[in-house]
There are 2 protein chains.
Amino acid sequence: VEQSLEQLYRDYIAALNRRDFNELGQFVHDQLTYNNELWTLSRYQALLAEDVQRIPDLHYEIQLLVTHEDHVACRLWFDCTPRSEFLGIQTQGRNVSFAEHVFYRFREKRIANVWSVVDADSIRRQLGSS
Amino acid sequence: VEQSLEQLYRDYIAALNRRDFNELGQFVHDQLTYNNELWTLSRYQALLAEDVQRIPDLHYEIQLLVTHEDHVACRLWFDCTPRSEFLGIQTQGRNVSFAEHVFYRFREKRIANVWSVVDADSIRRQLGSS
């Protein structure tokens with residue numbers, strides 16, 4: 001069971017890296033919570049699509065992956081070039097690298113809950129604007 | 001094995017909540033990495049002790065805990081009152097609540113690597129200073 005949840009999660013990340021946002025319903029419930037707020041799948045799709053608009057070279061790299069029963073915890077690493085603004089930070093076309101630490105609860109093989117923290121302060125430090 | 005790593009981690013958090021910083025060597029190696037930097041146990045103890053100086057009512061609450069083999073991933077929740085400044089943010093004596101998402105790798109039952117991201121932006125939003 002755990003092995004297959006790990007593979008399912010890796011398939012989900014691969015879909016994000018292919019920009020297959022229309023396939024997201026395979027991996028994510030129609031209703032989910034995102035940082036304890038009730039979200040729809042459409043809103044989640046819109047968030048992910050907006051990230052790619054802001055960061056054309058966005059690539060999700062799994063650095064650490066811990067799975068147990070219906071939970072996945074992942075340290076994602078990004079090395080990318082936002083066009084101009086990301087997370088309210090003016091990046092001025094510069095390359096930045098940063099981590100996102102994200103927890104998921106799956107239900108019936110699809111994501112039902114997401115808790116995400118992005119290391120925005122490390123982006124500010126790289127830009128010298130903290 | 002997994003059950004005991006979970007219990008070991010819960011014992012570590014209980015020690016932090018009792019301010020038993022002198023016991024930390026039971027749980028943490030003399031040399032560790034913190035966000036990929038080489039740290040000593042003394043430096044790690046100093047960081048934790050400084051957090052309590054800055055936040056006398058600091059309490060670590062485990063909200064999500066995912067363990068697998070030698071890895072632990074935890075969503076910690078804090079509801080606390082920094083005296084005046086924390087993470088470079090002027091909190092002006094106000095109560096704040098926020099998450100830390102932290103990954104650990106254990107080696108021989110002690111922490112060898114820590115990767116931590118604190119949701120500093122949510123503190124700024126609560127204070128209306130983002």
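## Contact between chains A and B

Across the interface of chain B and chain A there are two salt bridges, a salt bridge being a side-chain nitrogen of Lys or Arg within 4 Å of a carboxyl oxygen of Asp or Glu. This is a predicted model, in which local features need pLDDT of at least 70 and side-chain atom pairs count only at pLDDT 80 or more, while totals for chains, interfaces and linings use all residues. Residues are numbered from 1 along each chain as its sequence is written, chains are lettered from A in the order in which they are written, and side-chain values use heavy atoms, without hydrogens and water.

Over all chains the count comes to 18 salt bridges. Two of them are listed here.

| Salt bridge | N to O distance |
|---|---|
| A:Arg124 with B:Asp121 | 3.0 Å |
| A:Arg105 with A:Asp70 | 4.0 Å |

A:Arg105 lies in strand β7 (residues 96-107) of chain A and A:Asp70 in the loop between β3 (61-68) and β4 (71-80), so this pair ties together parts that are 35 residues apart in sequence. Strands (E, at least two residues) and helices (H or I, at least four) are DSSP runs, numbered from the N terminus.

The interface takes 21 residues from chain B and 21 residues from chain A, with contact meaning heavy atoms within 4.5 Å. About 1,900 Å² is buried between the chains, 68% of it given by carbon and sulfur atoms; this is the accessible area (1.4 Å probe) that the two parts lose on being put together, summed over both.

Helix α3 (residues 120-127) of chain A packs against α3(B) at an angle of about 95°, with the axes 8 Å apart. Axes are lines fitted to C-alpha atoms, for helices over the stretch in contact, and angles run from 0 to 180 degrees between N-to-C directions. α3(A) and α3(B) are therefore roughly perpendicular to each other, the term for angles of 65 to 115 degrees. In this contact A:Ala120, A:Asp121 and A:Arg124 meet B:Ala120, B:Asp121 and B:Arg124. The residues divide into two nonpolar, no polar and four charged; Ala is among those that count as nonpolar, and Asp and Arg are among those that count as charged.

Methods:
Parallel < 35°, antiparallel > 145°, perpendicular 65-115°, else oblique.
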